[in-house]
Amino acid sequence: MIARLLALLLLSACAQAGEAPTAMLAAGALPADSVNMVRRAAGLAPVRESARAESAARRHARDLARTGGYGHRGSDGSTHSQRLRAEGCGRGVENVAWGLPSGRGAVSAWMASPAHRRNLLWPEARYYGLAGEGDRWVLVLAEGC
């Protein structure tokens, strides 16, 4: 419970004062559906699921859960770019959340944070991979996979 509150506080701290979170997430929507609803509303192409991008996301989510970590750098020193390249993907961006029980909750929290929302709305993104391990969530968006 404390971890969840800390995660929400940290994500909320990224939000600019007075900026309302996006309220577009449908109650029953899957995380990727939610991402694509927001992307379409911004005039951007939807992203497609990629097994390779998901593998990169899963690798990091498992590492975070195993080590109790919560950042973008893996316990082996890897970055999201290195994890994506190892899977054969091109350039990309990464969002990480912890203390949240679902991927939909993670997407909602990311949409409430300008920096994370900027990643979700990265115009070059064509593919995504989303993975959760326990309460750790990782989303990667990539140009090519």
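Below, each label is set against its rule.

Modeller: Gladly! This is a predicted model, in which local features need pLDDT of at least 70, side-chain atom pairs count only at pLDDT 80 or more, and totals for chains, interfaces and linings use all residues. Residues are numbered from 1 along each chain as its sequence is written, and side-chain values use heavy atoms, with hydrogens and water left out.

Colleague: What makes C89 and C145 a disulfide?

Modeller: The rule asks for a pair of cysteine sulfur atoms within 2.5 Å. The sulfur atoms of C89 and C145 are 1.9 Å apart, so the two form a disulfide. By this rule the count comes to one disulfide.

Colleague: Where in the chain are C89 and C145?

Modeller: C89 is in the loop between α4 and β2, while C145 is in the segment after β4, 56 residues apart. Both cysteines are buried.

Colleague: Why is the pair of Y70 and W98 called tilted?

Modeller: Rings of Phe, Tyr and Trp (its six-membered ring) pair if their centres lie within 6.5 Å; planes under 30 degrees apart count as stacked, over 60 as edge-to-face and the rest as tilted. For Y70 and W98 the centres are 5.0 Å apart and the planes 35° apart, so the pair is tilted. Y70 lies in the loop between α3 and α4, and W98 in strand β2.

Colleague: Is Y70 buried or exposed, and is W98 buried or exposed?

Modeller: Buried means under 20% relative accessible area, exposed over 50%, and partly exposed in between (1.4 Å probe, protein chains only). Y70 has 53%, so Y70 is exposed. W98 has 17% and therefore counts as buried.

Colleague: How do you know which strands pair, and what order do they take in the sheet?

Modeller: Strands (E, at least two residues) and helices (H or I, at least four) are DSSP runs, numbered from the N terminus. Two strands pair if DSSP finds at least two bridges between them. The four strands form an open sheet with mixed pairing, in the order β1-β3-β4-β2.

Colleague: Why do β1 and β2 count as edges?

Modeller: β1 (48-49) and β2 (92-98) each have a single partner strand, so one side of each is left without a neighbour in the sheet.
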